[in-house]
Amino acid sequence: MRNRSSHYSRRDFLKYTSAATLAAMAASEPIQRWGQAEAQQPLDRAPQNITPSADTVILLWMGGGMAHTETFDPKHYEPFEPGMSPDKVLSTFPSIPTAIDGCRFSEGLKNIASVMDRGTLVRNYRADDLGFILHSRHQYQWHTGYAPPLTVAAPHIGAVIARTLGKRHPDMPAFVDIGQRFDVGEGEELKAFHTAGFLGSEHAPFFVPNPEDAMSTVQPPAGMTPGRFVNREKHFRELVKQSPLGEFGSDYQQESLLRSMDNAHQLLNSPAAQAFDLSQEPKEVYDTYNTGRFGLGCLLARRLTEAGARFIEVTTEYIPFEYWDTHENGHERLVGMKKTIDQPIAQLVKDLEARGLLDRTLIVLASEFSRDMLMEGRPGQAVRDQVEVPDRLTSIEHYGMHRHFTDAGCVLLFGGGAKKGHVHGVTQDERPCRIIGDPIMISDLHATIYHALGIPADLSYEVEQRPFYVTKDGYGRPVMDLLA
Amino acid sequence: MFRRPYLFLLLLGMGVGMGVVAAALSGIREMPPALEGPVDFAHEVHPILAEHCYQCHGGGRDRAGFNMDSREAILAGADIGDVVLPGNSAESYMVQLLLGTEDGLQMPPSGPGLSDEEISTLRAWIDQDLPWTLEVDAVEFADSLLEPRRPELPEGDGHPIDRLMAPYYEEHGIEPPEPVSDRAFARRVHYDIIGLPPSPEILEQFEADDHPEKRARLVQSLLQDNQGYAEHWMTFWNDALRNDFQGVGYIDGGRMHITNWLYNALYHNLPYDQFVTQLIVPTTGSEGFVKGIVWRGATNASQLPHMQAAQNVSQVFLGVNMKCASCHDSFTNQWTLEEAYGMASIFSEETLELIRCDSPTGQTSTPSFLFPNLGEIDPNLSRQGRQMQLARLVTDPENGRFARTMVNRLFSVFMGRALVEPLDDLDADPWHSDLLDWLAIDFVDHGYDIRHTIGQILSSEAYQLPVDRLYDAEEPYVFRGPLPRRLSAEQFIDTMSVITGAWGEEPRYHPPHQQEAYADMVRTWRTVNNPLMTALGRPARDQVTLRREKDPTTLQALELTNGETFAQLLERGVESLAEGALAAELNSNGDVVTHIYAHGLGRAPTETEERLAMALINGEEDAADVDSEGADATEVDRDGLADLLWVLSMLPEFQYLY
């Protein structure tokens, strides 16, 4: 139930938060407003009356646009034949059964299919219509809930969760981002949402671009022996002690600087840092996950979940025209993509389950939008074609989902309170394979994730004296049918 | 981005069409009691209507013949008849519909409906005869004085700022301590004007100088260093005007650089009124600011380029936050949607329709200025003509807000805290309004010369006070001296370069009129952002940034402790110290240590410090092993030297302006 002051007013602001706001401003920390309530609540307590079902989120990001009809919502399969008409092709793979009766996947995903009795499949996710397909912009919106440009820097959902719930383990960064490099195409746009935005860099992602080399992110710089590293730190402490403290800044600032150094060293010296070391895994486990950087990212995510990270994103990585971003040769490329994700994801689910962690860890697999062979955008809102599709498919290179389709898409949820063995939403069996009934939009999907964590969809943080809601304008509604 | 009415498809039409008789129905939800006490329409009721009703019944819309834009309109009822009975909420059809009728009718027709609290509020409002006052009282939305004001300077012959501060100190029982030492002062003003630490030679000369005006003279001489000044202040203005070498939008022409224009404007000390005029009415090279950032695809109305221009001009030059009002009448300040569109229309070739929270209102906008008292915008002028008019109004000497906004920001840069906080909201109360107004009028009197105002502030005794070590964000704020400030990312890295002689690589800008003294220095601002700079607070510049994050964070400490970028920077520094141009002057390891301390901290090492430093640079295991000959050693242990640079740069004494 909303508080009487549910509508933001200057008077409330002055009455409730004036001193705190200014103090927080001085400390660069945005004020938090639980459903517009006046005071901050302790972070370890579930706000309002939501009983959280998850403590941790692992987001498996299928960057570049994962076609629903080629993965988790297969339609009529038409094998390739030279000269075939593209309108006959809805799926380029036959379908296979899953652990859920009557629910079929596209071929190549048998391992994930086998663990679907532990998860929920959403078939009615619909990406917003942004008027033009730009992967980075849709990804920005997926990750922040808001479409850029924006008047303030919106935080990544992982940063919101890190800020709201804090660390699970004192030595472990709350928000870890695995697998995305930024010196790639659209890198600036990708950087723009891989941040904590106005929440402040304390809540920003800890980047592990290459999971195989994850240890380097929590070790002394390359070429520095542990002994030298310890010594350097020791010298620093000695010189701080020597420094004529009184002259150089306030105690408060001196302390916060030293505290930040402590925190950093705490991670570097903590046993928790061992979680970053994939070489500690038995070879057969490592090999099971090792389908490449994404697979190892899943393994790292499992280890970091055990070690106490709060929000982990593992991406197949978005690079224009690579991976899921199939502008040509989609069928053959997807054989590889499915191989990349199938085994590690299934293993991640099973491993977390075996460790008793799946119940409190919400795994979310998602993509910025889907793809289709013919439709760019969505019916009635078609946008400019970015890919030439010939009238007749003469080469296997033409065979695949090469256009960007925003009208329907799939999301998978495992653990963390998600229903088990459940399918939500239906799409048409004929092109354009639209959603039948109500779609789930990004605000509602976010609200569902937040709900599982005990965070209300209208939680807001204050920036420039305005409330910024964690779902767009506070209007996300959790989809309770997805949760047990 | 902020709350807007939920999308509802149908409203009263449903019930009306079915011929339902209102009074006969009882709600399926229990009716919550009316809220006790008088309701505040502007803050409690209007937002509910805006959120739940106006999609169909506001902004001129009258679904089912019912419009809610005014009290009269509501009382006029719908096609079916009365919707509210003033004084009798329990019997009012509106309340029945909000609760849901037995026939399954409910308003709004989709979504979870209004909360009990909201219904209680509306009931109280109806019971209290629907008060309708949208005006907000002056206390809440303090509207600061628009015209300039020339406060009387208190008697005395000191610096005007200090004469104004004297009564303030007295009132707050503060006895200002002695100003900081020459060294601390020189370090402050160097960083504040040219962004670099003073050289040991300058420090020595300055300390030896016994001219009574030597501090003011140092400030003046630094202000005349055109290149040093321009290179340092590029950082501030790039943040404020969101200009960078790369970033969102540049990739496909949706954004333009203003780097060269900006550099030249700073180098030549373009008067601030002309500076702003050239940003509002772009000249060659300054187009990027009002052009904004354009992403391909559809954009929320509140972020179309002309609205971005309105927001940014208001925020950066007038201390007005229009971001709320560009979507709906603001709940947090006095600005309205119409006023935001009035500003945006100045920058638009087409007549704009007011869009309230993504829904068209049918109302068209007329170009207008935020403060019509100062003058009007002629809607018949061309876009450029309107922008010229806007520039004149913004920079009009009668627009006191223009100068106040700027001097307030400068004060904040140098004192760590502005005279009016929050920085973007000039309507809030200053902690010293005479000082604010005097600085503003003095700025105008001196031809909007920013360097003049910088000189004023930096030569005051207030600026020279020791830092306020007791400050812990308490309210109300009391000035006891500048707050300790952290070096910016650019100052931090530039200082490392001063020490080592290894400057930035791959500059993205080459300044014209290169001064001899700066010939080899690729200042940090000229290079692209990297993880180290990001960690130290250089923003992405997709949004206007008027104050950077300044608190140390764990991720920042991690970046400094084991980040690749900083490790490489140290490696290049060691390389340069050992083999670069500086190496020739540094004849022994003792020289190296002296050099590092002199440039990095502006002083000689203490005995203990020297012993530690020598141990590191000589590659000794322990400081106790260093003998008296250690300083004469010439073989540098490179790892030790890198560690020494690291240790030094992590010290609060290095990282703070104290």
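This is a predicted model: local features need pLDDT of at least 70, side-chain atom pairs count only at pLDDT 80 or more; totals for chains, interfaces and linings use all residues.
Me: Which other strand pairs with S8(A), and in what sense?

Reply: Strand S6 (residues 175-178) of chain A also pairs with S8(A) in the parallel sense, here over four bridges.

Me: How should I read the two faces of S8(A), and which residues point each way?

Reply: In a regular strand the side chains alternate between the two faces of the sheet. In S8(A), A:Phe311, A:Glu313 and A:Thr315 point one way, whereas A:Ile312 and A:Val314 point the other way. Is the strand, residues 311-315, mostly covered or mostly open? It is mostly covered, with five of its five residues buried.

Me: Where do I find the largest nonpolar core, and which residues have the most contacts inside it?

Reply: A nonpolar core is built from buried residues of nonpolar type joined through side-chain atoms within 4.5 Å. The largest has 172 residues, and those with the most contacts inside it include A:Leu60, A:Phe72, A:Phe276 and B:Phe492. Leaving aside residues up to four places away in sequence, A:Phe72 touches, among others, A:Phe105, A:Ile112, A:Leu365 and A:Leu412. A second, separate core of 122 residues includes B:Phe185, B:Leu203, B:Met406 and B:Leu423.

Me: What share of chain B counts as buried?

Reply: Of its 658 residues, 61% count as buried, and chain B has 29 helices and four strands.

Methods:
Residues are numbered from 1 along each chain as its sequence is written. Chains are lettered from A and ligands numbered from 1 in the order in which they are written. Side-chain values use heavy atoms; hydrogens and water are left out. Buried means under 20% relative accessible area, exposed over 50%, partly exposed in between (1.4 Å probe, protein chains only). Contact means heavy atoms within 4.5 Å. Two strands pair if DSSP finds at least two bridges between them.
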